[in-house]
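Keep the model open beside you and try each task before reading its solution.

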Amino acid sequence: MHHTWTLARRELRAYFDGPAAYVVLSVFLAITGWFFANPLFLQNEASLRSMFNIASFVFLFFVPALTMSSFAEERRAGTLELLLTFPVRDWQVILGKLLSVSLLLLVAIGLTLFYVITLSILGDLDFGATLGGYLGLFLLGLTYGAIGICASSLTRNQIVAFILGFGIIFAFFLFDKIVDFVGPDLGAILQFLSTDYHFENLMRGVIDSRDVVFYLSLSGFAFLVTNYNLARRPE
Amino acid sequence: MEDILHSEADHNGTSVGTINVRGLTKSYGPERAVDNITFDVRPGEVVGFLGPNGAGKTTTMKVITGYLIPTEGTVLVDGMDVRADTLAIRRRIGYLPESTPLYREMVTYDYLEFVAAMRGIAKERRGARIKEMTHACGLHDVLGKKIDTLSKGYRQRVGLAQAMIHNPPILILDEPTSGLDPNQIVEIRELIRKIGREKTVVLSTHILPEVQASCDRVLIIHKGKIVADGTPRLLQENFVGGRRVRYSIRGDGSEAAAVLADYGINILERDIAEDESRFVLSSRRDIRDQLFQLAVDHNWALTQLHREEGNLEDVFRQLTSA
């Protein structure tokens, strides 16, 4: 665990030493801020719903952008060989990467608490829905992060890693939107596999373990595939 | 210096820094990068892997460091198997991969601190270790600089410092001098020689003077197999060198040529002239004593008797051209 934390700290420093973290955080705040202020001032509605929705939408692009370098760049630069000859297990390395992305996303999500405070002063806030929304947003970020890292472990080209990661994440986002076009059986499966469907559930304020388990399972699966990719020791 | 590089003794009291490779094969698909090789490295030895690019040097090193898993055969480091005890083995090995990968966006000090942490060095000891490495590798001027801005020679030193920070008994260095200018090469070689006094070092190169300069022993690897194993000097003598003797005498040497031929000595080249006759002779044995005696017996005025030093380049070419 100690090594995982050392790795995560290095990754976080790399985000914050360059412009990446600041660009991501400020653009994320600008977009969510707009979607928070809009209903509040124009429709006089004290709800975080549209803010959560846009945040989950922004994650579709931002998370694979944050993870695209995670293994692809290490492979290109050859540093993967250094990492994987330290006295650590491969999974500790992967966990370190996932931890760093999760923490950065947690910072991004945390900054939006400003809106929650504002709303709770101005109007009547549904705390259950807010809590569910935040939990959903975090789990969404974690899952997208695990998928993005997995995509990055498949290539040494960052652009390929981004497109691949985004493609997979977008597919999981779209699943519940094509339910009407397929039969009811396949539709039910697709709906269950949709990341957006479970997010909608959590946003309603009912925290169902099935939704939580779904995100954790998908993240775990992406984690295992990443571990398999690394075990093959790609050049 | 001695203190910094000194390897700690094993708990069992056995000497640390032994590598035993037995029947190692590593395949990539149908292709065998390393094909059933066997060798031992003793504690404190400096062994050079010599071979053309793609011969299997890097692959062998990657197996020893625990990066790759052998397809067949075993690799033991201080008696531990790379498959079973990979983490314990990794702790005993310092590794500088080919082309010295480093986190270029990091500052040298932070990078070494990160490696020290990953190597399990306690937080309060890291500063002291970095200081020692700074001293050993001459990093004083670059500790506060981004690795990206360093010269190739300095990056190589950072790579070596990184490999030694946990004071491992074994160092694996993949092409440690490639891409350096002549002055930097001399500096890095000097450093490796210093390290080699205390540690087991396995280095690879495709530059011949390198092994002559740094290694106690050479393994010539070609197409995944070991084709020669010995000290640089022994290899020179056993192969092309040691068999050719330059022999010159005063005056017309036609008669001498006939005598030499009578004694079954092979004349490779002859240059017979009025004032001096020159021969290049070859034999499987050392014939210098005999040649001297012949000159005495026949009253030849000997002007040259010189056994040609074999050249590792010839050995290498002889072994790897096929």
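**Exercise 1.** How do the residues of the lining of the largest pocket divide into nonpolar, polar and charged?

*Solution.* Two ground rules come first. This is a predicted model, in which local features need pLDDT of at least 70 and side-chain atom pairs count only at pLDDT 80 or more, while totals for chains, interfaces and linings use all residues. Residues are numbered from 1 along each chain as its sequence is written, chains are lettered from A and ligands numbered from 1 in the order in which they are written, and side-chain values use heavy atoms, with hydrogens and water left out.

Step 1: sort the residue types. Ala, Val, Leu, Ile, Met, Phe, Trp, Tyr, Cys and Pro count as nonpolar, Asp, Glu, Lys and Arg as charged, and the others, Gly among them, as polar.

Step 2: The pocket lining has 13 nonpolar, 8 polar and 10 charged residues.

Step 3: (Helices are DSSP runs of H or I, at least four residues, and strands are runs of E, at least two, numbered from the N terminus.)

**Exercise 2.** Find which residues line the largest cavity.

*Solution.* Step 1: separate the two terms. On a 1 Å grid over the protein atoms alone, a cavity is a set of points where a 1.4 Å probe fits but cannot get out, and a pocket is an open set with protein on both sides within 12 Å along at least five of seven lines; lining residues have an atom within 4 Å of a point. Grid points are joined across faces, edges and corners, and a volume is the space filled by probe spheres set on the points.

Step 1: count and size. There is 1 cavity of 30 Å³ or more, and the largest cavity holds about 70 Å³.

Step 2: list the lining. Chains A and B both take part: A:Arg10, A:Ala14, A:Arg13 and A:Asp17, with B:Glu105, B:Met106, B:Val107 and B:Asp110. By type, 3 are nonpolar, none polar and 5 charged.

**Exercise 3.** Describe the contact of chain B with chain A.

*Solution.* Step 1: count residues. With contact meaning heavy atoms within 4.5 Å, chain B gives 27 residues and chain A gives 24.

Step 1: take the area. About 2500 Å² is buried, 60% of it from carbon and sulfur atoms; this is the accessible area (1.4 Å probe) that two parts lose on being put together, summed over both. On the chain B side, B:Tyr67, B:Tyr103 and B:Met118 lose the most, together 33% of what that side buries.

Step 2: look for salt bridges (a side-chain nitrogen of Lys or Arg within 4 Å of a carboxyl oxygen of Asp or Glu). The interface has 3, including B:Lys62 with A:Glu81, whose closest N and O atoms are 3.7 Å apart.

**Exercise 4.** Which parts does the salt bridge of A:Glu11 with A:Lys97 tie together?

*Solution.* Step 1: check the distance. The closest N and O atoms of A:Glu11 and A:Lys97 are 2.8 Å apart.

Step 1: locate the partners. A:Glu11 lies in helix α1 of chain A and A:Lys97 in helix α6 of chain A, so the pair links parts 86 residues apart in sequence.
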